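Q: Could you take a close look at how the helices pack against one another here? I would enjoy one connected walk through it.

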Amino acid sequence: MDLASALERLANYRTRNCRASQDIFENGVVVFRNNALQKLGDDTWSFLEQLTLASIDVGRMDVAEQCLQQLSAQFPGSPRVQCLEGIWKEATESSETVLGYYTKLLEEDPANAAAWKRQISVLRRMGRIERAVEELSQFLDTFYADVEGWLELADIYASCNHFISPLRYTYALQSLSHVLLLAPQNPFYVLQAAETAYTAGDICLAIKMFLMVVDMTDDVGDAPVKDSIPTGITVRAWYGVELVGPLYLKLVQIVVDIPPFLETVSKTPAKRTQSAVIFSLTYSSA
């Protein structure tokens with residue numbers, strides 16, 4: 001690949017914030033071989049950061065180390081570069097060593113959010129779940145608006161066998177409630193909350209949130225909802241309602257017309273009644 005094409009592809013990846021590590025590494029090596037860093041101008045340092053992460057992903061620690069040396073020389077003491085160095089250490093040194101490195105960074109700057117999050121990641125990988133939850137809770141007390149932090153806490157509660165309490169999914173749902181406060185417009189977060197509510201046994205909340213996802217994603221214009229054909233995330237939301245339907249039917253019985261697209265896949269009487277409940281709830285919430 002020629003130099004011009006490599007530079008263009010790398011710039012495109014940076015613009016889209018895409019982490020296509022193998023392709024970035026291959027194109028980055030072309031830039032290195034042609035000694036073309038000066039042609040990047042102010043983008044030189046963004047490129048070096050990009051290539052550092054890509055090199056770590058593909059296992060080329062030597063290239064990552066060269067990039068880090070140049071970044072450290074240009075930005076001595078930079079928290080961003082220090083965090084990159086920490087990621088490199090995670091791939092080359094023991095977890096205890098890396099944990100000590102992040103602890104030292106946080107002692108120097110307690111507000112270093114990137115180092116704090118990396119420390120939590122290392123703790124979780126080491127199996128120190130209670131310590132990870134404790135640190136993550138303190139982190140979120142300090143940086144409440146960090147959506148990724150709340151998602152991580154919800155994932156820890158929901159997926160780690162360390163938490164054998166029957167309330168583990170309730171705790172996860174509580175974490176997701178903060179996510180919905182911070183990013184209510186994201187249907188994927190609403191869907192995650194719906195699925196967690198279903199797992200936690202909160203049927204009423206689950207069906208409400210599944211229908212919210214449908215309302216957010218099923219863009220049918222002026223056409224009736226029952227005549228639409230769902231795609232993408234909407235299909236998953238409707239499937240969630242199909243799962244919750246039989247449980248919800250114990251609470252309410254409503255009969256309405258069944259939309260054509262569900263009639264083709266819902267042949268049994270139970271499915272038909274369930275579909276009726278789905279659309280009754282949709283219409284009543286409109």
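Predicted model: local features only at pLDDT ≥ 70, side-chain atom pairs only at ≥ 80, totals over all residues.

A: On the α6 side, the contact is formed by Ser95, Val98, Leu99, Tyr102, Thr103, Leu105 and Leu106. Facing them from α7 are Ala115, Trp116, Arg118, Gln119, Val122 and Leu123. Sorted by class, the contact of α6 with α7 has nine nonpolar, three polar and one charged residues.

Helix α11 (residues 187–200) and helix α12 (residues 203–217) have axes that come within 8 Å and cross at roughly 160°. These two helices are therefore roughly antiparallel to each other, and α11 passes α12 in a left-handed crossing. From α11, the residues in the contact are Pro187, Val190, Leu191, Ala193, Ala194, Glu195, Ala197 and Tyr198. From α12 come Ile203, Leu205, Ala206, Met209, Phe210, Met212, Val213, Met216 and Thr217. By class, the contact of α11 with α12 has 15 nonpolar, one polar and one charged residues. Glu195 of α11 belongs to this contact and, as a Glu, counts as charged; Thr217 of α12 is also part of the contact and falls in the polar class.

Helix α1 (residues 3–16) and helix α3 (residues 44–58) pack at an angle of about 85°, with their axes 11 Å apart. Since 65 to 115 degrees counts as roughly perpendicular, that angle makes α1 roughly perpendicular to α3. Leu10, Tyr13 and Arg14 of α1 meet Ser46, Phe47 and Gln50 of α3. This contact of α1 with α3 divides into three nonpolar, two polar and one charged residues.

Stepping back, here is the setting for these pairs. The protein has 15 helices and zero strands. It comprises 286 residues, and 44% of them count as buried. Among contacts between residues at least 6 apart in sequence, 52% join residues at least 24 apart. As for the surface, the protein exposes about 15,200 Å², with carbon and sulfur atoms supplying 54% of it.

Terms used. Residues numbered from 1 in each chain as written. Heavy atoms only, no water. Helix = DSSP H or I, 4+ residues; strand = E, 2+ residues; numbered from the N terminus. Buried < 20%, exposed > 50% of the residue type's maximum accessible area, 1.4 Å probe, protein only. Contact = heavy atoms within 4.5 Å. Areas by Shrake-Rupley, 256 points an atom, 1.4 Å probe, with all protein chains shown as cover. Axes fitted to C-alpha atoms, helices over the stretch in contact; angles between N-to-C directions. Parallel < 35°, antiparallel > 145°, perpendicular 65-115°, else oblique. Left-handed = near helix turned anticlockwise from the far one by under 90°.
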